[in-house]
Amino acid sequence: SAPLFILLNLVNSESHNFTAEVIFRNALNNWSHDFPNKKYTNWIKDQNFNSDNFILADASGLSRKNRVTTYGLTQFLRRMKLNRFSDYYFSSFSILGVRGSLANVNAPLNLKGRILAKSGRLNKVRALSGIILGEDKIFSIIVNNMDNSTKHIMKILSIVDKTDNCN
């Protein structure tokens, strides 16, 4: 198999669902679909963030049992930023307007190449979570049932980029 950082790049940059699922199940050492999984639940608790209603039933994001919030995702990304392998993790993300699933997004020039993010899309839901380089601002945006959702996400990112008091 390829080294983990290459597989992680495939998962995060290219949104390769099958590879995500294989890594997740292998890490849990459990291939059943029974959730909540005790090993996963303990890991979430060990991360020391408020994980109410934060459930990953699969790694692809396709299970109807998955429950995430933008708050939970930003907390997760903050914890990952503190991890000793954070550079590997964040470098596996797509780069807005440059690489991966965000390569062809019509991005404002001030954001192009500065957004490292994981994107998600399912039916009429569009999501983007990541970090703004240079600012180290972590964000998570989920848009439901909206036409031109990518355009709206770019507007929100532009506002976040220009705001000094993001928490």
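**Entry 1: helix on sheet.** I began with helix H4 (residues 70-82), which lies across S3 and S4 and runs at about 150 degrees to S4. I note that the model is a predicted one.

**Entry 2: the sheet.** I then looked up the strand order. The sheet is open, has 4 strands in the order S1-S2-S3-S4, and shows antiparallel pairing. I asked which strands stand at the edges. These are S1 (94-95) and S4 (137-144); each has a single partner strand, so one side of each lacks a neighbour in the sheet.

**Entry 3: the S3 and S4 pair.** I next took up the two strands that H4 lies across. Strand S3 (residues 125-132) pairs with S4 in the antiparallel sense, over 8 bridges. I looked up what Ile-131 stands opposite, and found Ile-138 in S4.

**Entry 4: H1 and H2.** I turned to helix H1 (residues 4-14) and helix H2 (residues 17-28), whose axes come within 8 Å and cross at roughly 135 degrees. H1 is therefore oblique to H2. I also recorded the hand of the crossing of H1 and H2, which is left-handed.

**Entry 5: residues between H1 and H2.** I listed the residues that meet. From H1 they are Leu-4, Leu-7, Leu-8, Leu-10 and Val-11, and from H2 they are Thr-19, Ala-20 and Ile-23. Sorted by class, this contact of H1 with H2 has 7 nonpolar residues and 1 polar residue, with no charged residues.

Terms used
Residues numbered from 1 in each chain as written. Predicted model: local features only at pLDDT ≥ 70, side-chain atom pairs only at ≥ 80, totals over all residues. Heavy atoms only, no water. Axes fitted to C-alpha atoms, helices over the stretch in contact; angles between N-to-C directions. Parallel < 35°, antiparallel > 145°, perpendicular 65-115°, else oblique. Left-handed = near helix turned anticlockwise from the far one by under 90°. Contact = heavy atoms within 4.5 Å. Nonpolar A, V, L, I, M, F, W, Y, C, P; charged D, E, K, R; others polar. Pairing = 2+ DSSP bridges.
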